[in-house]
Amino acid sequence: MPVQTAEPLIAATTAPTIVGFSSVEMKYPDGTIALSGVDLDIAPGEFVSVVGPSGCGKSTLLRLASGLEHASSGEVDVATDRIGYVFQDATLLPWRSVERNVELLAELHGVPSAERKAKAKAAIGLTDLTGFEKHLPKQLSGGMKMRTSLARALTLDPELFLFDEPFGALDEITRERLNDELIRLFAERRFAGLFITHSVSEAVYLSTRVVVMSGRPGGIVAEFEVPFPMPRDPEIRYSAEFAALTGEVHHALRKGYSA
Amino acid sequence: MTTTVWAPKTEVETKSIVKPAARRKSRVPSFVPPLIVATAVLAVWYLVSYVFLDQTRRFLLPPPHEIFTGAIFVPDILADIGLASLRTTIVALIGLLIAIVLGVAWAVAMSQARWLETSLFPYAVILQCIPILALVPLIGFWFGFEYPARVIVCVMIALFPMVSNTLFGIQSVDPGQRELFRLHGAARWTVLRKLEFPNALPAIFAGMRISAGLAVVGAIVGDFFFRRGEPGLGALISNYQAQIQSEELFAAIIAASLLGIVIFAAFGWLSRAVVGTWYESSDR
């Protein structure tokens with residue numbers, strides 16, 4: 001199953017990892033074990049998606065990588081402090097306009113006003129929100145909210161992007177469009193990505209590598225390199241190779257269930 | 001929280017359910033039904049005044065027009081009532097302002113530390129449970145029977161909704177937003193200023209509306225007890241009652257009602273002006 005990637009993925013042997021999990025275990029005070037024995041290294045420029053059944057601790061990976069939580073045992077090494085985190089909800093502040101929402105993180109990091117505004121403007125342009133700067137969140141559709149959330153994270157020029165099922169609540173058309181935009185952003189910015197999703201086809205379409213997790217306690221049961229070149233051609237979704245790969249991922253996912 | 005009048009989180013459901021499925025559009029303009037009720041009330045009023053009460057007892061319920069001819073249209077009486085209303089308004093507003101500042105500060109303090117909440121919240125509840133009227137004579141004892149005592153009654157009566165609503169507003173911050181701030185190393189003060197306080201604003205305004213109404217009640221009640229100094233509406237009401245000046249009494253009561261309505265409406269307007277743009281209120 002490991003296929004050669006066409007993209008300039010830095011060779012695994014020399015690659016510095018931007019985030020590395022080694023034999024990570026996550027145990028909650030109530031005794032549930034969310035993760036066990038997780039080893040995963042992500043190199044700069046890699047976009048890794050994680051699929052797995054609900055409750056397998058996928059999101060916990062992100063919480064560990066971002067420092068929101070700490071592993072019970074094992075190690076999580078993160079080589080950057082420029083981390084973008086996109087939550088399941090857009091988590092926009094309803095009293096702030098799109099523009100002011102996008103400025104928030106830079107504000108929290110004490111970036112001076114002029115620079116902050118410039119960064120926000122650039123991020124708004126990148127996420128195709130131009131013209132909506134003054135809109136309030138309640139005036140936006142779900143997809144636009146997510147874009148705002150994405151733009152907000154982009155202002156920090158993240159080297160590592162963490163996505164917690166960001167498009168899960170969106171309709172399929174919006175979701176595919178945002179997938180394409182994310183691909184475009186990734187191709188331009190080349191941040192490292194760790195993307196949690198329920199959707200196998202989304203995972204395959206977006207990623208340079210797909211990781212399959214088993215049910216609780218979550219562990220990695222399979223990994224797949226995705227060979228399609230970046231930026232992805234949207235038509236690739238309907239190709240036989242794409243179907244074959246998603247089929248393999250599905251298969252591994254089902255095996256992980258029964259395991 | 002026991003007395004939270006403010007219901008959040010229902011926006012999403014109500015918005016999608018109520019809006020498209022608008023009730024059958026009626027052809028009667030919306031001001032007509034209340035008008036019918038008002039007419040009916042007036043009719044019953046006249047009936048009682050003229051049919052059930054004989055001349056000697058008519059002072060118990062003078063017919064509506066006599067309230068105008070006998071009091072509201074009499075310049076001296078109107079001036080008395082107007083001036084008293086103004087004094088009561090000032091007492092109520094000062095009391096309300098103090099209650100707002102104290103209440104918000106109290107709630108913010110509680111929200112910042114668990115131990116402060118556990119040690120202070122019971123007293124907020126107790127304050128709510130004490131019949132303030134029972135304390136009023138004591139307040140006179142301590143603070144004299146003048147202006148300050150009236151204000152203190154207002155504060156005590158208006159404080160609780162401010163505390164509970166502000167605390168509720170702060171605590172209803174979306175956990176995801178909290179994590180976002182935490183993730184980016186926001187200091188507690190920053191979280192309060194940029195997240196918790198703005199998030200609490202709609203609830204704070206809802207509290208203000210309730211407290212404003214209560215402050216008017218407090219000001220009038222304070223007047224009944226603390227008669228020294230210039231009379232407010234309460235003192236006037238109780239004078240008119242003592243002297244069986246029925247028309248004047250009714251006029252003063254109408255003034256008190258108007259005062260309550262105006263203050264309530266003013267805070268509703270203020271709330272809409274400040275948070276109405278972004279907050280998706282569930283009540284229209």
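## Buried and exposed

A residue is called buried if 20 or more other C-beta atoms lie within 10 Å of its own, exposed if 12 or fewer do, and partly exposed in between, with C-beta atoms placed from the backbone. Keep that in mind as we look at this predicted model, in which local features need pLDDT of at least 70, side-chain atom pairs count only at pLDDT 80 or more, and totals for chains, interfaces and linings use all residues. Residues are numbered from 1 along each chain as its sequence is written, while chains are lettered from A and ligands numbered from 1 in the order in which they are written.

Let's start with helix H5 (residues 172-189) of chain A. Helices here are DSSP runs of H or I with at least four residues, strands are runs of E with at least two, and both are numbered from the N terminus. H5(A) has 18 residues and reaches 25 Å from its first C-alpha to its last, close to the 26 Å expected; that expected span is 1.5 Å times one less than the number of residues.

Arg175(A), Leu178(A), Leu182(A), Leu185(A) and Phe186(A) are buried in H5(A). They lie on the same side of the helix because they cover an arc of only 95 degrees around the axis, judged by the directions from the helix axis to the C-beta atoms. An α-helix has 3.6 residues a turn, so residues three or four places apart point the same way. On the other side of H5(A), Ile173(A) and Glu188(A) are exposed.

What do the buried residues of H5(A) pack against? Their partners in chain A include strand S3 (47-51), helix H3 (113-126) and helix H4 (142-154). Just after H5(A), Arg190(A) takes a positive phi of about 55 degrees.

## Two domains in chain A

Chain A is assigned domain 1 (1-18 + 25-58 + 158-259) and domain 2 (90-156), with bounds from an automatic or database domain assignment. Their centres, taken over C-alpha atoms, are separated by 26 Å. In all, 10 residues of domain 1 of chain A are in contact with 8 residues of domain 2 of chain A, where contact means C-beta atoms, placed from the backbone, within 7 Å. H5(A) gives the most to the domain 1 side, with 4 residues.

Chain B has 11 helices and 0 strands. Of its 284 residues, 32% are buried.

The contact between the chains takes 17 residues from chain B and 14 residues from chain A. On the chain B side, H8(B) gives the most, with 7 residues.

Notes. Contact = placed C-beta atoms within 7 Å.
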